[in-house]
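Here is a friendly walk through one model, in questions and answers. Have a look at it first, and then we can go through its parts together.

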Amino acid sequence: MRALTWQGKHDVRVETVPDPQIVNPRDAIIEITSTAICGSDLHLYDHYIPRMKAGDILGHEFMGRVVEVGPGNKRLQVGQRVVVPFVIACGQCFFCQKQQYAACDNSNPADKADMSELAYGYPMTGAFGYSHLTGGYAGGQAEYVRVPYSDVGPIVIPEGIDDDKVLFLSDILPTGWMAAENCMIEPGDTVAVWGCGPVGLFAIQSALVQGAERVIAIDHHPHRLELAQSLGAEILNYEEVKVREALVEMTGGIGPDACIDAVGMESHGMSIDNVLDHVKAAVGLGTDRPHVLRQVILACRKGGRVSIPGVYGGMADKFPIGALMEKGLTIKTGQTHVQKYTQDLLDLIMEGKLDTTFLISHRLPLEEAANGYKIFKEQQNDVTKVVLKPKVVH
Amino acid sequence: MPSHTSPSNDAPLSANRRPAKAAAQKSGEESLEKFELIGRTVTIARPREELFRFWRDLKNLTSFMENIESIQVLDDTRSHWVVKAPAGQTVEWDAVIDEERPNELISWTSTAEASIKNAGRVEFRDAPGGRGTQVTATIIYDAPGGKLGALIAKLFQREPNVQARRDLRRFKQLMETGEVSTAEPPAAAPRT
């Protein structure tokens with residue numbers, strides 16, 4: 001089959017690789033119809049995530065049609081259309097039973113789990129196409145993909161709904177939704193969202209659906225701010241205004257009730273032995289990006305809530321622990337428990353309460369994936385989301 | 001056991017800063033001090049009886065212990081183990097189950113002829129709050145070549161501590177999900 005493979009920093013190529021096969025009884029093989037490039041794929045592209053190997057197949061936002069199921073899978077049938085969560089979860093461990101799917105204790109293979117256990121105290125969960133820290137599973141920017149524990153994750157999509165309406169159930173829509181849910185929104189609340197990338201935009205939409213009175217969005221790309229505005233957010237361009245002062249004034253001196261950091265930090269030190277290298281590598285960004293989390297914590301009102309969907313991997317310098325404690329803030333964060341949200345969000349899409357298609361700026365054949373990465377990285381204002389279509393031949 | 005040699009905390013031996021010394025003190029067997037002691041606990045969301053039964057049937061162990069070439073059950077308590085070692089070699093020994101409490105404990109010791117003397121125990125306890133079973137494996141062994149042998153083994157990732165950690169993860173996966181997680185194609189996937 002053809003697949004987008006990682007070869008090194010800023011070097012991804014579509015190559016011919018062996019077709020995936022059923023390995024375990026609960027596996028399924030999916031023929032991909034749509035697969036997106038995620039903002040977090042750029043961290044791989046930039047080689048900020050360690051434990052990548054040349055030839056690794058990328059992609060963790062994908063959907064398609066079931067073409068083969070293992071003998072232990074009693075749920076999926078050949079021919080069904082499914083969206084696949086980026087988190088691989090077994091459904092049976094302590095964490096899955098608590099619906100903390102992104103903490104699944106079983107999906108990361110035993111030999112791959114050592115590194116993250118060393119870095120974080122406990123091993124990370126398995127995920128598609130996201131380095132050998134999260135299992136080394138082949139991703140879905142390909143014609144086919146093997147889906148482990150496929151009787152738990154994939155959600156069946158009724159015929160007749162466009163891929164583009166449901167594809168983002170795989171990651172960014174639930175991620176934006178959980179980011180808003182982590183704000184524990186109450187009537188009258190103002191929610192401030194830093195970062196108007198795909199997750200930030202979905203967090204804005206979700207916060208309004210979840211009952212926020214106002215959402216204030218912060219970014220510097222004019223087009224992304226425009227999209228935020230079209231969703232109903234008030235906007236702040238941080239290149240033009242002093243963000244904290246603006247937020248204080250706009251909320252009558254109280255401050256935002258909840259703040260979402262949808263930026264994250266590219267200095268991913270995912271393992272202890274890489275932390276220093278990554279901090280060094282990130283020096284150019286070091287005064288900028290940790291600034292977001294610091295600003296979030298300072299801007300949030302006393303007794304407010306901070307939600308962090310943005311990805312962090314290592315250590316933070318000058319973390320305002322005093323403001324956090326003295327103001328009595330609540331912080332909620334984490335990788336998304338995708339499987340917990342997919343059915344409810346599919347229902348909201350079907351009812352027309354959530355729209356995801358506005359985000360897609362580019363649809364490309366799989367063969368043009370390398371260019372998709374390049375423009376997504378270099379033209380962030382205009383390129384808001386790239387969706388690859390493996391079945392489309394150019 | 002003299003009380004003044006008892007460890008003054010409730011942690012398992014393996015969490016001690018000097019595990020073998022703690023074991024020697026606890027047992028009163030001074031000779032244990034020169035051995036290596038490792039241990040690891042996992043919580044498995046399955047009943048104690050089921051886990052005990054699976055483990056007690058020793059030939060099942062090859063389904064999640066990556067390093068085992070073969071286990072031959074000789075009789076009710078004796079078994080013959082062939083284990084992979086660094087540089088493509090194998091080591092073999094006979095083990096005898098010297099204590100067994102149904103659904104609670106299996107303890108074994110290698111026979112006197114074993115080239116790597118070892119002993120161990122697997123304990124099964126109910127986890128709190130209906131979370132299943134806490135399984136603790138503790139192994140004490142005579143590192144071949146002493147410290148240097150342990151270092152070499154570590155370089156080849158055959159160090160018993162790494163092996164035990166990964167084996168228990170696979171045991172948990174197999175018991176909870178019915179399969180062993182892998183990102184490998186069929187030919188390279190772990191056997192189950």
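The domain bounds used here come from an automatic or database domain assignment. Please keep in mind that this is a predicted model.

Q: Into which domains is chain A divided, and how many Å separate their centres?
A: Chain A is divided into domain 1, made of 2-171 + 336-389, and domain 2, covering 173-333. Taken over C-alpha atoms, the centres of these two domains of chain A are separated by 25 Å.

Q: Is helix H6 of chain A mostly covered or mostly exposed, and how many of its residues are buried?
A: H6(A) spans residues 198-209 and reaches 17 Å from its first C-alpha to its last, close to the 16 Å expected. Its buried residues, Phe202(A) and Ile204(A) among them, pack against elements of chain A including H1 and helix H7 (222-230). The helix H6(A) is mostly covered, and the number of buried residues is ten of twelve.

Q: Which element of chain B gives the most to the side that touches chain A?
A: The contact takes 18 residues from chain B and 23 from chain A. On the chain B side, seven residues come from the element that gives the most, helix H4 (residues 160-177) of chain B.

Methods. Residues are numbered from 1 along each chain as its sequence is written. Chains are lettered from A and ligands numbered from 1 in the order in which they are written. This is a predicted model: local features need pLDDT of at least 70, side-chain atom pairs count only at pLDDT 80 or more; totals for chains, interfaces and linings use all residues. Two residues are in contact if their C-beta atoms, placed from the backbone, lie within 7 Å. Helices (H or I, at least four residues) and strands (E, at least two) are DSSP runs, numbered from the N terminus. The expected span of a helix is 1.5 Å times one less than its number of residues. A residue is buried if 20 or more other C-beta atoms lie within 10 Å of its own, exposed if 12 or fewer, and partly exposed in between; C-beta atoms are placed from the backbone.
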